[in-house]
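Here is my note on the model below. Please read the points with the coordinates open.

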Amino acid sequence: MLKEVRIRIVQEALSGIKIAVLARKYEVHPDTIRNWVKDYRDEVGDDEIPSTDEQIQELRRLQSIEENYQKTLKMLGEKELEIEILRELLKKKKPAYPKNSK
């Protein structure tokens, strides 16, 4: 397997996904994944591997960013629609303005 794929599998294992699940997902023997995790820890060191709490905090932060992004996209779409409506109104020679509106 490519080194990038191995690292991704190892990172998923370190993030808390069970090795058996990863083994089925990637069609790799669980012992192979365990060896990759051990080798990765030896190579990188435990200090470089984020703790579970840090991973959870990062996940929450990313979820918050994703929610804000979706809200922003919705607002942008609404504003684009408003602009298009206003442009269409400007094109009309006699737009339908309500009488006696002050």
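Which residues in helix H2 (residues 19-26) are buried?

1. **Basis.** This is a predicted model, in which local features need pLDDT of at least 70, side-chain atom pairs count only at pLDDT 80 or more, and totals for chains, interfaces and linings use all residues. Numbering starts from 1 along each chain as its sequence is written, and side-chain values use heavy atoms, with hydrogens and water left out.

2. **Buried side of H2.** Leu22, Ala23 and Tyr26 are the buried residues of H2. Buried means under 20% relative accessible area, exposed over 50%, and partly exposed in between (1.4 Å probe, protein chains only). The three span an arc of only 105° around the axis, so they sit on the same side of H2. That arc is taken over the directions from the helix axis to the C-beta atoms.

3. **Other side and partners.** Arg24 and Lys25 are exposed, on the other side of H2. The buried residues of H2 pack against helix H1 (3-14) and helix H3 (30-44). Contact here means heavy atoms within 4.5 Å.

4. **Glu27.** This residue follows H2 and lies in the loop between H2 and H3. Glu27 has a relative accessible area of 75%, so it counts as exposed. Please look at the backbone here.

5. **Nonpolar patch.** Leu81, Ile85, Leu86 and Leu89 make a nonpolar surface patch of about 380 Å². Patches take residues with over 30% relative accessible area and no salt bridge; like charges are joined within 9 Å, nonpolar side chains (Val, Leu, Ile, Met, Phe, Trp, Tyr) within 5 Å. A salt bridge is a side-chain nitrogen of Lys or Arg within 4 Å of a carboxyl oxygen of Asp or Glu. Leu86 belongs to helix H4 (residues 52-91). Its relative accessibility is 52%, so Leu86 is classed as exposed.

6. **Overall fold.** The protein has four helices and zero strands. Along the sequence the pattern reads α-α-α-α. Helices (H or I, at least four residues) and strands (E, at least two) are DSSP runs, numbered from the N terminus.

7. **Burial, contacts and surface.** Of the 102 residues, 17% are buried. Among contacts between residues at least 6 apart in sequence, 45% join residues at least 24 apart. The accessible surface comes to about 9,200 Å², and 54% of that belongs to carbon and sulfur atoms. Areas come from the Shrake-Rupley method with a 1.4 Å probe; for residues, only the protein chains shown count as cover.
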